[in-house]
Each structure stands twice: as structure tokens, then as C-alpha cells.
Amino acid sequence: MHHVRNSVLASILCLAGAASAQVPPNSAPPVAAPATGQTAAAPDAQSDELVVDVVGGISAPLGIAIPTMPAAAVTETAAGRTDELGRQLSQIVTNDLKGSGLFNPANAQSLKPVEFGEVTAPVFDYWANARVSALVQGFVRGNSDGTLTVGCYLYDVFSRAELARQGFVVKPSDWRRAGHKCADMVYAKLTGEGPYFDSRMVYVSETGPKGKRIKRLAIMDQDGANHRFLTNGQSIVLTPRFAPNQQTIVYMSYLNERPAIYVYDIGSGGQRLLVNNPSLTFAPRVSPDGKWVLFSMAVAGNTDLYRVPISGGSPQRLTESPGIDTSGSYSPDGRRIVFESDRSGGQQLYTMNADGTNQQRISFGGGRYATPSWSPRGDLIAFTKIAGNFRIGIMSPTGGNEKLLTNDWQDEGPSWSPNGRVLTFYRQGQGGGGKADLWSVDLTGVNERKIPTPLDGSDPAWGPLRP
Amino acid sequence: MAKLTTTLMVASALLATAACTKKRPAVLPPAPGETATGPTTTTDTVTPGSRADFERSVTSNTINFALDQYDIDPRAREILDSQSQWLARYPNVAITLEGHADERGTREYNLALGDRRANAAKNYLAARGVNPARISTISYGKERPIALGSDEASWAQNRRAVTIVMN
């Protein structure tokens, strides 16, 4: 319920290292908050009295109410009727916050309807009796130019104070993003973490028998909405990743029985071969500045890391070991790379500078370490650890503080949420009927949950926060 | 390269096929009663130097590997030796070596491991006199298992390099 958590707040900062310094700047909404003609109470200076415990297990998710957002006026918009949108928006916020594992939203059906005038002047007596600590109210308005305005207000029920407000003006096709931005505002304010709900994932949708899987690239909002297929399944496709500008995806395809990396433009649906070389190219990742593609190339049986400008050209070789060097991932400042290599006899993790110099091994545990992914906060590296089964784990960039987060038969391929707080990965089932599905887990190891997809799925890559 | 078998039935079937395009075949088959020259006078339809011929002639088109390994063990040597002998008889035939891995490895590493295996087989064949220019390689990582169970026996079958004759 209501926590006084100053000491826990301090330990949050310690656990996350320099996390708060590296939280991506909270993106401004497209347009400033609308005037509603009413002045709300000033934000509570002691808002850290209402804090969500993000450390060490979710013993008490914060009670929160997100009633249906009333419409300024019930009108038709290109996205639908404003009152229906208000219902759905509160559901989007509810699902995002509940899905984080840190909040316990009250059932919207059981809450009293909120009038438009109450949005900036909540009936706190009612909410206090509803036994929630926080309240999210908002409204929807259709604008004459066809856009929608969504207002989002966060209140501390106990102190009866407004904690935050933001307004979003969106195109009708983007209406769900207003809900995610509202959830992000609430989440960031109450947890101190960076936002992550307004983001997308790209992944490989799977169907068909195990010996001949049909794999298609697919993209969706992180809550599973707006799902669409990007390729038609005629060629095996693997390991897609977003470029930082989110306009482009790099991935590997067996198009024309020639497995290679392609650069795919999301807007046009067109793509081009990245490297024109008969050798196998795979495991692509785009650098944080968007300029390079880091990848692996297998030449006459030996795989090393290379990089090439995203526009194409001659690959620059970064590693030269006789082992298999693959699965490179950039640090968020683009200056370092973590990768896996079996040069010591089995797969282990190494870091190096982005130009290939100063290669150092960082993992030394029993078993094998693979598929490293550097957190966008810079503080952690996620990986797959193989020691009997395949488990998702995290460690510091120098290799210490290893922690395993999952424990199933075959969990593989972690990818970070934009705020460095949640990992998505895929879980493979055993046997001929075994299927792969997308899952996510909090970096403290709790709130492991399946991500709903229309078919099965693998190779998820979580995109950046949308601006 | 491949010589046509010359039974009357096959010849007229071929003529019929050619007739679909409404053109005279470029080379007429011999008239009935003549015998064709060439190493085979079988009455089945497997063409010498073809993929089907390869697969029934050699010990196996597949070699297997130990977990995470890509060395050519004695059994694999026998198989590849038999392949290289056939390949020596048909010097114009091109082949693709597919490298595969079992599901108990991560995806990208397995692509690299499949490539290692395909190249290990290629290098062995080259050492046995097969011109490497005839040999292309492709890795399928763990994407195309032939045994679908999650057990040692299935995984052992999936760790393989397969020689495919390009027709």
C-alpha cells in the first residue's frame, strides 16, 4: 500500500548502479498538456512517500485505480467513438501497469464512472475507500483536424495531491500510443525507472512442423497489439533487430538459399542485401549511432565479428580468433562490444572496443555463455547460460554479480526493454511437438510471463522507446 | 554428362515431353534396335551422375558429429571416401555440403557450427582429390532437424553434414 521508502530508494539507486544517470530522457509528448480550465492541486513535494518497491520481489504491488477516461464530448473519430476510446485507453494503461508486475490495478468495471469535470478534481473520498494508493484519470477529445487529445493525470490518493500530468495529441492511427505514454508517465513517476510501454518488438513468428518451421518476420506493440507480418514465410528468417531510428530492421534470411543479412525498410517494405559476399553473414546488430552494422561472417569454416557501414561497403574485421566469435552487442554509448567466443574451448563472453581492440574475457563460470545483450542502461549484460538447461541471466559488464533469472528447459536470446528493466526471450518446448514462445521477465527474476502472439515465436528484439 | 537410357518406352516418353513444347528435340534418340554406348545399360530411370545415382551409390550422403565438434571421425572418413570416389567418376558434378547442428545450442553459434561442419567435410573431400571449386557450403544451424525428438538419439542424428548433388 503506502510506503515510506527512503532507504529502499537508496538501495534502488545502488542496485541499478548509474542507472538513474543513464535512464533515457523522458520523451516529451507531441504537444504540451492541454488547459482544462481548472487548476489542479500542486504536485506533492513529498511524492517519494508513494514509491513502488522495485527491488527484490514483488511482495506488494501498488494498488492503483485507472477508471475509464471520459470523453470531453462523445464524438466519432477516425479511431472510433471517444467514449469507447476512453474505455480502451484505461484498459491499455491497466494492462501495461499490471504487466510490469509492480502494480495491482483495481477492476475498472467495479469503479464508479468518472465525469469529465472530476478528471482534474478527483473525488478523493471515494478513491480512499476504494483502497488504492494511486489514481489515474484522463480524458479523450476529438480535435477538428482529426487528431485526438488524451489527457493523463496521476494522483496520490492518500495525500490527495496531483503527482503528474501530461497531454498527448496523436493521429487516429496512433491512438493506442497515447495510452502507453500515459502508462509510462505513471510508471516512471512512481517507480523512478525509465519508461518502456510505448515501444514495439520485432520477432520471428513460427508455425508448422518442427523439421520444417515456417518463419516470418513480425512486428507488434510490446503489448501485442498492431501485430503485422513483414515477410511471407517462403524463406527462413532469423534474428531481426531494430536500428535506433526504428525505420529499419536488420535480419538474416535464407532468401534464394543464400543465407545473408538484409536491411529492411519498415515504411516501404523494401530490403537490400547488406554485404555482397559469398560467405555466410548473420547475427546483425546496428550501432547506437545508427551508422554501423556489427555482424558475424563465416569464412571457410571460421566465424569472426565484422562491422560495415549500414549503407553497405567493405566489412572491417574486428576479431581474428580461430574460434567461433559471434553474437556481438554494443554498449549504449557505442564504444564497447560484448560478444561470445569459443576460443577458450567453449562459449564464453568477451568485451572489446568497438574497433576490435582490447578483447577481454568476462565470464568464467561453469557451462557456456552465449547471446549477450548489453542493457540500454549500460549497467548489465544479459545472456543465455547453458549448463544442462538454457537459462536467461545477467551480469555486470566486467563479469561479476552473475544472476540467473529463469529456470526452464531451453530459454534463449534475451533482449532488453528500452528502460533496461525487463527482458524478453523465447522459451522452447521439448520433443517433436515442442514449440517456441515469447516470454518476458523482470531483471530481479520475478514476473515471468508469456507474451501473447498469434502463432508461436522466437528471436524477439525489443525496440527503443518511441519518441 | 548424363546419357539418356535408350529403352523404347523412355525414348517415346521423352519425345512426348519434348512434344509438349511443340519442337523437334535437338538430338534424336537412336532408332529402335540400336544400342547406345555408355557405361550403363540398366533399364531403370536413374541417370548416372545424378543425385539419385549418388545416393544409391555411396555409403551415405550424411556424416555425423559429436556434440559441439566438427572433426571427421573414422566412420565419417569411410563415408566421405566413398563419396569422393563417386565424385571422381563424375568430375563435372557440383555438390553442396549442408552443415547442421542439434537444438541444444544457441541459434547464432549453431549457424557458425554448421558452417564449420560443412567446411570440415569440404576440406576432407578436397584432400581426397575433389576439386573444391565444385563444392559450395551452406549452414542451416539448428533450423532443419531431421530427427524431432529432444533426446540424445535425435540430437546425434541432427549433428550432420549432408552432401547434396546439384542436378
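Why is helix 5 of chain A largely enclosed by the rest of the structure? In this predicted model, 15 of the 17 residues of helix 5 are buried, so the helix is largely enclosed by what lies around it. Helix 5 of chain A runs over residues 175-191, and the distance from its first C-alpha to its last is 25 Å, close to the 24 Å expected at 1.5 Å a residue. Just after helix 5 of chain A comes A:G192, which takes a positive phi of about 80°.

Another helix of chain A, helix 3, can be read in a similar manner. It covers residues 82-99, and its 18 residues should span 26 Å at 1.5 Å a residue, which agrees with the 25 Å between its end C-alpha atoms. The buried residues of helix 3 of chain A include A:L85, A:L89, A:I92, A:V93, A:D96 and A:L97. Just after helix 3 of chain A, A:G101 takes a positive phi of about 85°.

The pLDDT of chain A averages 89, and 87% of the residues score at least 70. Over residues 1-48 of chain A, however, the pLDDT is below 50, although this stretch has 78 contacts in the model beyond near neighbours in sequence.

Strand 6 of chain A, made of residues 148-156, is mostly covered, since 8 of its 9 residues are buried.

Elsewhere in chain A, 4 strands form an open sheet in the order 10-9-8-31, and the pairing is antiparallel. At the edges stand strand 10 (228-229) and strand 31 (456-465) of chain A, each with a single partner strand, so one side of each is left without a neighbour in the sheet. The partner of strand 10 of chain A is strand 9, residues 214-221, and these two pair in the antiparallel sense over 2 bridges. Here A:A218 stands opposite A:F229 in strand 10 of chain A.

Let us turn to chain B. This chain has 5 helices and 4 strands, and along its sequence they follow the pattern α-α-β-α-β-α-β-α-β. Of the 167 residues of chain B, 37% count as buried, and among its contacts between residues at least 6 apart in sequence, 69% join residues at least 24 apart. A residue that is not buried is B:A133, found in the loop between helix 4 (107-127) and strand 3 (135-141) of chain B; with 8 other C-beta atoms within 10 Å, B:A133 is exposed. B:A133 and B:I95 are 38 residues apart in sequence, and their C-alpha atoms are 9.6 Å apart in space.

The contact between them takes 29 residues from chain A and 20 residues from chain B. On the side of chain A that touches chain B, the largest share, 3 residues, comes from strand 15 of chain A, and the residues of that side divide into 10 nonpolar, 15 polar and 4 charged. The largest nonpolar core has 144 residues, of which A:A134, A:V136 and B:A121 touch the most other members. Helix 4 of chain B gives the most to this core, with 9 residues. Leaving aside residues up to four places away in sequence, B:A121 touches B:I63, B:I72, B:L80, B:L97 and B:A161.

Terms used
Residues are numbered from 1 along each chain as its sequence is written. Chains are lettered from A and ligands numbered from 1 in the order in which they are written. This is a predicted model: local features need pLDDT of at least 70, side-chain atom pairs count only at pLDDT 80 or more; totals for chains, interfaces and linings use all residues. A residue is buried if 20 or more other C-beta atoms lie within 10 Å of its own, exposed if 12 or fewer, and partly exposed in between; C-beta atoms are placed from the backbone. Two residues are in contact if their C-beta atoms, placed from the backbone, lie within 7 Å. Ala, Val, Leu, Ile, Met, Phe, Trp, Tyr, Cys and Pro count as nonpolar, Asp, Glu, Lys and Arg as charged, and the others, Gly among them, as polar. The expected span of a helix is 1.5 Å times one less than its number of residues. pLDDT is the predictor's confidence in each residue, from 0 to 100. Two strands pair if DSSP finds at least two bridges between them. A nonpolar core is a set of buried Ala, Val, Leu, Ile, Met, Phe, Trp, Tyr and Cys residues joined through C-beta atoms within 7 Å.
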